[in-house]
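Please read the following note alongside the sequence and the 3D view. The points are numbered so that each can be checked in turn.

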Amino acid sequence: MVNETLDLDESSEASQKEAREMLLALCKNGFDGSVGETALALGRNGGFLEQVLDGRQEVDDDLIIKIRGIALVRNIAIE
């Protein structure tokens, strides 16, 4: 559900995993799997999103807000 809260304690591996899954779902369900198009919509660069998806970068609160907002406005299933 889009408006459920995700406690994004950046030290929590479970929260980071859930956030990465939301990002991946947004990419697959809203942008035909294109990391570049997803990055553009989120105001981030593709390289950064690729690093987030493979766990080399952490998901921050701003990114979660943007993921949820885009999913809500575009009616994209992410959870």
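1. In this note a residue is buried when its relative accessible area is under 20%, exposed when the value is over 50%, and partly exposed in between (1.4 Å probe, protein chains only). By that scale D62, at 36% relative accessibility, is partly exposed.

2. This is a predicted model, in which local features need pLDDT of at least 70 and side-chain atom pairs count only at pLDDT 80 or more, while totals for chains, interfaces and linings use all residues. Residues are numbered from 1 along each chain as its sequence is written, and side-chain values use heavy atoms, with hydrogens and water left out.

3. The pLDDT is the predictor's confidence in each residue, from 0 to 100. Its mean over the protein is 89, and 86% of the residues reach 70 or more. Residues 1-5 have pLDDT below 50; beyond near neighbours in sequence, this stretch has seven contacts in the model (contact means heavy atoms within 4.5 Å).

4. Helices here are DSSP runs (H or I, at least four residues), numbered from the N terminus. Helix 4 covers residues 61-74, and its end C-alpha atoms are 20 Å apart, in agreement with the 20 Å that its 14 residues should span at 1.5 Å a residue. The expected span is 1.5 Å times one less than the number of residues.

5. Which residues of helix 4 are buried? They are L63, I64, I67, R68, I70 and A71. These residues lie on the same side of helix 4, because they cover an arc of only 165 degrees around the axis; the arc is that of the directions from the helix axis to the C-beta atoms. On the other side of helix 4, I65, L72 and V73 are exposed. The buried residues of helix 4 pack against helix 1 (13-30), helix 2 (35-42) and helix 3 (46-53).

6. Both ends of helix 4 deserve a look. At its start, a side-chain oxygen of D60 comes within 3.3 Å of the backbone nitrogen of D62. Just after helix 4, N75 has a positive phi of about 55 degrees.

7. In helix 3 the buried residues are F48, L49 and V52. Viewed down the axis of helix 3, they fall within an arc of 95 degrees and so line one face of the helix. Their cover includes helix 1, helix 2 and helix 4. N45 caps the N-terminal end of helix 3, with a side-chain oxygen 3.0 Å from the backbone nitrogen of G47. Just after helix 3, G55 takes a positive phi of about 85 degrees.

8. There are seven salt bridges in the structure, each a side-chain nitrogen of Lys or Arg within 4 Å of a carboxyl oxygen of Asp or Glu. One of them joins K17 to E21, with the closest N and O atoms 3.1 Å apart. K17 and E21 are four residues apart in helix 1, which means that about one helical turn separates them.

9. K66 forms a salt bridge with D62, the closest N and O atoms being 3.2 Å apart. Both lie in helix 4, four residues apart, about one turn of the helix. K66 is partly exposed, at 29% relative accessibility.

10. E79 and R68 also meet in a salt bridge (3.7 Å, N to O). E79 lies in the segment after helix 4 and R68 in helix 4, so the pair ties together parts that are 11 residues apart in sequence. E79 is partly exposed, with a relative accessible area of 41%, whereas R68 is buried, with a relative accessible area of 13%. Elsewhere, salt bridges that share partners join R44, D60, D62 and K66 into one network.

Terms used
Helix = DSSP H or I, 4+ residues; strand = E, 2+ residues; numbered from the N terminus. Polar contact = N/O pair within 3.5 Å; in protein donor to acceptor, adjacent residues only side chain to side chain.
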